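Take a moment with the sequence and the model before reading on. The tour below goes from the whole chain down to single residues.

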Amino acid sequence: MRGLWFLATIGLVVAEDGLNGWLRYARLPCDAVKQAKVPATIIALNATESSPVYTAGQELQKGIRGILGKALEVTHETSDGPSIVVGTLDTFNGSGTTLELEEDGFWLSTKGDTVEIIGQNERGALYGAFEYLSMLAQANFTEVAYATNPSAAIRWVNQWDNMDGTIERGYAGLSIFFKNNVTVSNVTRIEQYARLLASIRVNGIVINNVNANPIILSDENMAGLGKIADAMRPWGVKLGISLNFASPQTFGGLASFDPLDETVIAWWNSTTDKLYEHVPDLAGFLVKANSEGQPGPITYNRTLSDGANMFAKAVKPHGGIIMFRAFVYDYQNLNESNWKDDRANAAVDFFRELDDKFDDNVVVQVKYGPIDFQVREPTSPLFAHLKQTASAIELQVAQEYLGQQCHLVYLPPLWKTVLNFDLRVDGEKSVIGTDILSGKRFDKKGLTGYAAVVNVGQNATWLGSHLAMSNLYAYGRLAWDPTDDEVAILEDWTRLTFGLDDTVRETITRMSMASWPAYENYTGNLGIQTLTDITGPHYGPNPQSMDNNPWGQWTRADADSIGMDRTVSNGTGYAGQYPPEITALYEDVETTPEELLLWFHHVPYTHVLKSGKTVIQHFYDAHYAGAETAATFPQQWAKLQGLMDQQRFEETAFRLTYQAGHAIVWRDSIAQFYHNISGIADAQGRVGNHPWRIEAETMELDGYKVTAVTPFEVASGLQIVQTIDNSSAASVSTTLNFPKGVYDVAVAYYDLYEGKASYELFLNNASIGAWVGDNEDKLGFTLTRGIDGHSATRVTFPGVAIAEGDVLRVATTPNGRETAPLDYVAVLPQGVVD
């Protein structure tokens, strides 16, 4: 699939908002257009407008007009002349080739005068059309002839949209599906989303939150679901919904929701039949039960399989399936002081004995790791226990624990650590992606696969960030083929999204491939998990929130040691949930991969790693290295100005600059916390030593007061200043003692969401720059009222000429709840990261 690439700089173009994602169909450079040989006619072998084959014909016409500037006619009757023919195996008679196509697979041939796009079904034909357009959009005019089939039948996305229009763990605005507890009437954005999903071969979507509101089952909403399904059907995307287990009681007025109660069963059967009247091709239901306060069968001393099978029987006559989440654990009674308690054990403990109890249209949906979308986790051992039950992996495109789309984190390298992992079930090859999720290993082909939590919103960029869209694109590619190369995927996405310029492609690839390792470094490494606020937004740093609560994401850090002992011999026994070869690997501290050391072992801070560093020194070094990498992102991006449209350039530059500052917040908070708890100094003398900073609490204060913060480590000097009241102008000032030179001046402050304080930086009464605390309007992370690691941020003014004795002042005006809180000012020699 790598052909002749014409990589010409296109030059300045009109502003783009990201709505088209990777389906821009931007005009190729003239030299590339001259090389393109495209037939003059498109033959779509279905004239029904709701047909994906009809849609394929329209998409081919649109794409070729945009990419090559050629207006092709679309017909629905075969002819003998050169043409682009798109259809299914059943309708196509021109190939003369015996094709081995599986469900959703397609054949693409660009050889000769006719382009052949043949799908095993109508979805497959549409996928083939998008594949051909992707080649053209990248100026790849290679002659090809090949068939491709999906690795797995289930390639779904999940939306955690609430009926009121908000989105749980959504970072790009309000829902495109719901508003005020009803489905939306305007389905334009839904159609556009379906188009994007079809282009990456996603064939199903669950549109409402797994923490489901029963009101989705109202007559009005059922009719609305029918309209949504109609909008997505031409793109081959089937609709599914999440259900609340207690709906018969809370919505239907029954006395019970016991899954073995005949009246409950009858209620669900009737409700399901009614849903299928509105959506005849409803994909099925997604169910979260007995987890995080959600109701379920265990309420009535029934098993999880009893609950799943009740739904399975209801959808079976209609051809539907049940995606039953394995995310079940006790979040109220786990006790950290009990050395054996471990949330990671929960999924296997709940499901191990149920493997032969599920109906054959139930798929257990398993998060990739045993906790919750952490920056690194071991592969869930539950996959090894579901030998008789179909399974699907749950990934997360929404960066809940990984920067919430405000930090660049390209996720496929993380996903690959799981998809490429060999569980060695019964001593045989059992690679997650190619063997288990394909259904081949346990003979479940046709009912296994992938689900990704995506959570697009009304933001024009869909995910809130232009660069974050690479993760959605890559998800579709990997669900189709888990062996696909993550770099090649990224390069394709970059060409389709930003054009063919070499510098753009190389820069985005370099930054993206460095982004996950950097994020892991400045958040939580050695398998300790993302050291975020797990009881709150899951965004900024708050390592102490991990412990001393029943949520079970413990680090068991104390003054001397850190990590979870999950061994069989001395710990929680979690390592024993794996097949024997993997248990042996993780049981021994010497053979456990060091990137998972603290996941499986409780060790002293002075434990020496293979690098020769102690655990605590590795923590310090990794956090500084991660922040240093993030600091390069704005610099690298700046070199792309003029090589893409200004709107996307500026929007991305803002986020990368924010990330560089927030990475320092993370670095300082984590390093300071573990320095405080361990009492072990950083061998390089960096932690707690900031020679270029002036703490706000040490400056001359006018209208400000000194206060503590919670958690303590999110303030550089453990204290900050905030205005005395919420309305009066205030300032901090200091006389500088730095040698004469040119510096970058950074101001660290806190941007709360219920107010927009104003700030201005002065040097000797000359304004250097002004800004407003309005990140809530520009970024999509979960908002906070607190002065904490979520609201902590920085603004930097580069190239400021400073002499010893200059007076630096920050003048502020608070607004609302935002009391213009300041942490420090850093006066940095150029090139110093602070």
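This is a predicted model: local features need pLDDT of at least 70, side-chain atom pairs count only at pLDDT 80 or more; totals for chains, interfaces and linings use all residues.

The chain contains 19 helices and 29 strands. Along the principal axes, its C-alpha atoms fill a box of roughly 85 × 70 × 55 Å. How does the radius of gyration of the chain agree with that of a compact globule? A compact globule of 834 residues would have a radius of gyration near 28 Å, and the chain has 28 Å, so the two agree. Of the 834 residues, 63% count as buried. Take the contacts between residues at least 6 apart in sequence: 74% of them join residues at least 24 apart.

Now go to strand β14, residues 362-367. Is this strand enclosed or open? Six of its six residues are buried, so β14 is largely enclosed by the rest of the structure. The burial holds on both faces. Val362, Val364 and Val366 lie on one side. Val363, Gln365 and Lys367 lie on the other.

Which strands pair with β14? One is β13, residues 321-325, which pairs with β14 in the parallel sense over four bridges. Within this pairing, methionine 323 has valine 363 of β14 as its bridge partner. The path linking these strands has a handedness. β13, helix α9 (residues 346-351) and β14 form a β-α-β unit, and the unit is right-handed.

Another partner of β14 is β15, residues 390-396. This pairing is also parallel, with five bridges. Valine 364 has serine 391 of β15 as its bridge partner.

β15 itself is worth a look. Seven of its seven residues are buried, so β15, too, is largely enclosed by the rest of the structure.

Step across once more. Five bridges join β15 to β16, residues 449-453, and these strands run parallel. Leucine 395 has alanine 452 of β16 as its bridge partner. Trace β13 to β14, β14 to β15 and β15 to β16, and you follow a run of parallel pairings.

Next, turn to a helix. Threonine 523 belongs to helix α14, which spans residues 502-523. Is threonine 523 buried or exposed? Its relative accessible area is 0%, so threonine 523 is buried. A polar atom of the threonine 523 side chain lies 2.6 Å from the backbone oxygen of tyrosine 519. Look past its neighbours within four places in sequence, and threonine 523 is in contact with Val375, Thr530, Leu531, His623, Trp666 and Ile670.

The cysteines come next. How many disulfides does the structure hold? There are zero. Two cysteines can be set against each other. Cysteine 30 has 61% relative accessibility, so it counts as exposed. Cysteine 406 has 1%, so it counts as buried.

Finish with the backbone in the loops. Threonine 710 and proline 711 are joined by a cis peptide bond, with omega about 0 degrees. Proline 711 sits in the loop between β21 (704-708) and β22 (719-723). Leucine 718 is found in the loop between β21 and β22 as well. Its phi is near 70 degrees, a positive value in a residue other than glycine. Leucine 718 has a relative accessible area of 39%, so it is partly exposed.

Asparagine 290 also has a positive phi, near 50 degrees. It lies in the loop between β12 (284-287) and α8 (304-315). Its relative accessibility is 17%, so asparagine 290 counts as buried.

Notes: Residues are numbered from 1 along each chain as its sequence is written. Side-chain values use heavy atoms; hydrogens and water are left out. Helices (H or I, at least four residues) and strands (E, at least two) are DSSP runs, numbered from the N terminus. Buried means under 20% relative accessible area, exposed over 50%, partly exposed in between (1.4 Å probe, protein chains only). A polar contact is a pair of N or O atoms within 3.5 Å; within protein, one must be able to donate a hydrogen and the other to accept it, and residues adjacent in sequence count only if both atoms are side-chain atoms. Contact means heavy atoms within 4.5 Å. Two strands pair if DSSP finds at least two bridges between them. A crossover is right-handed if, with the strands pointing away from the viewer, the path from the first strand over the helix to the second runs clockwise. A disulfide is a pair of cysteine sulfur atoms within 2.5 Å. The radius of gyration is taken over C-alpha atoms; the globule rule is 2.2 Å times the number of residues to the power 0.38.
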